[in-house]
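Subject: Structure handover

Hello,

Here is the structure I promised. My notes follow below it.

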Amino acid sequence: MIRRLDVDGVPTLMAPTAGPMRAGLTFRVGTADETLARSGITHLLEHLALAPLGLTDYHFNGATAPTFTSFYMQGSESDIAGFLTAVCRTIHDLPMARLEVEKEILRTEWSSRGNTAVDALPLWRHGARDHGLSSYPEFGLYALTEHDLRYWAARWFTRENAVLWIAGDRVPAGLRLALPAGVRQPVPPVSSALPRTPAYFVNGSRAVVLDSVVRRRTAAGVFAGVLEREMYRSLRQEDGLSYTINTGYEPRGDGHATLRALADALPEKQDAVLGGFIDVLAKLRAGRIEQADLDATVAKREDTLGTAEVDAARLPGQAVDLLTGQPAVTVDELRAELKTVTLPDLHQVAQEVTATALLMVPDGTTADWAGFAEAPTRSTHTLPGTAYREREGDGELRVGVDGVSYVGPGGPLTVRYAECAALLAWPDGARRLIGHDAISMHIEPTLFDLHPAAIGVIDQQIPADRRVPMPARPPEKIPQPYAAANRPHPQQRPAPVQRSWWEIPLMVLSGLATLGVGGITLLLTLGMFISDEADGDEAWLWGMVGVGWLLTVILALPIVLLRRRKR
């Protein structure tokens, strides 16, 4: 049985084990609590907390998930006491001398990890917020400071926001959990970037993947097993279309759970696998579920619950449930619930799965024929603003007071300043705006008919806590859309764009800090222009400006490269 006790003010769960003692300390904080502009802070703190431990002869590690962070180890009683005591001490006295080293390690970890078929799903369902952040690189690593880490540790890594679990018969002697007081933190609200479901998106992976959201209950976990049996029978045994078929059911801490299913496919069989996959979903949604599949799945679950180590194995999950306020359920209660699951219960789950479904389909296929709506890859609206034409292509960029829009091939794309999750800023002037809905707009400062101060206009509208300074790029990495030999004759170039009245003051303000006397001259000239706006001689204004300022920036002619949901 799982016992409940208290260690240094930290709620503790304990269960017997026949194997080596193991223990973990779990905190209610994860990537879903971060923002895109400061993403990676929890992972970085986890690494720094473990860094002083160095090489040991026992197994220990840490893990950062969307809603929780854990430190755990297996070893002797004294090893566990020493490990967890050291973690609690180090979390609030981080080895800041290793800050930049650990940042590099995390960036290397991201770049070397292999992409899986399900990596993109959080982004498409949730956008660039909360649970969607796990699809993005940890952009915040470039900007995080010692102050940021100390604040994060003080807010989240407290004894009221932690649960200790121990697989063993006693609390290790000498264990001290020296954590400060705090409050239990709720699970963050879950966002959605999907206007409607069921939906689908196209991905280069050679697999069909289902992602759905269901109410957390025993019947939903059983349905995942029934779905896997039906897919295996149909797609592998009968039609020979797939080799790898699996499903998963993962509670997310808010009374709901994510239910997923995957079936791989050969390139020439992708259409057939997609069709067979959707046929399986339609069959279960219609209530055509085999009693034999239900019985077999329940029997398999009961076998798992009958093992000697079942309580010890459930400890990490029970710790997360306690942290997220989910009711504790004993093994006997689970067995009783399994026996009550019926075919109508599974039919209800199947309807929930279909209603919330997000389907990832291979390149060259679609799912609109089956009633799935295409997930948005572009914006539904544009914003007014000063228009700047591309020198290559027919698109134009609009820089406005409320946001930035691109109109042209692949568009429209719009990111409002108020809904910008992160602004990535390179020293050469490149900018990438990522909206909460995951719409991404990349602006490159090379050979585009864009006034040089327009980048400053964008920078001023984005709050500092959403700005991410990016490292400098070598010249060969900066896109150059025109080769010198292919540049058009000046007479062939488009006429200058017409600028909006509001943009001129913002451009001036963004340049004053670096223009000095030239900036003051420009401001005086601007006042003369605005006072005489009825005459509207804008050409005269820019001619005057050119004397004091424009010669310093005439070489900065940007181009815009636009990408949708680039991770």
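E104 is partly exposed, because its relative accessibility is 44% (buried means under 20% relative accessible area, exposed over 50%, partly exposed in between; 1.4 Å probe, protein chains only). Its salt-bridge partner is R107, with the closest N and O atoms 2.4 Å apart (a salt bridge is a side-chain nitrogen of Lys or Arg within 4 Å of a carboxyl oxygen of Asp or Glu). R107 counts as buried, at 19%. Both lie in helix α3 (residues 99-112), three residues apart, about one turn of the helix. Helices (H or I, at least four residues) and strands (E, at least two) are DSSP runs, numbered from the N terminus.

This is a predicted model: local features need pLDDT of at least 70, side-chain atom pairs count only at pLDDT 80 or more, and totals for chains, interfaces and linings use all residues. Residues are numbered from 1 along each chain as its sequence is written, and side-chain values use heavy atoms, leaving out hydrogens and water.

The structure holds 27 salt bridges. One of them joins R229 and D293 (3.0 Å, N to O). That pair links distant parts of the chain: R229 sits in helix α6 and D293 in helix α8, 64 residues apart. R229 is partly exposed at 36%. D293 is buried at 3%. A network of salt bridges links R229, E230, R233, K283 and D293.

R159 also bridges to E160, with the closest N and O atoms 3.7 Å apart. R159 is partly exposed at 26%. E160 is partly exposed at 27%.

Best wishes
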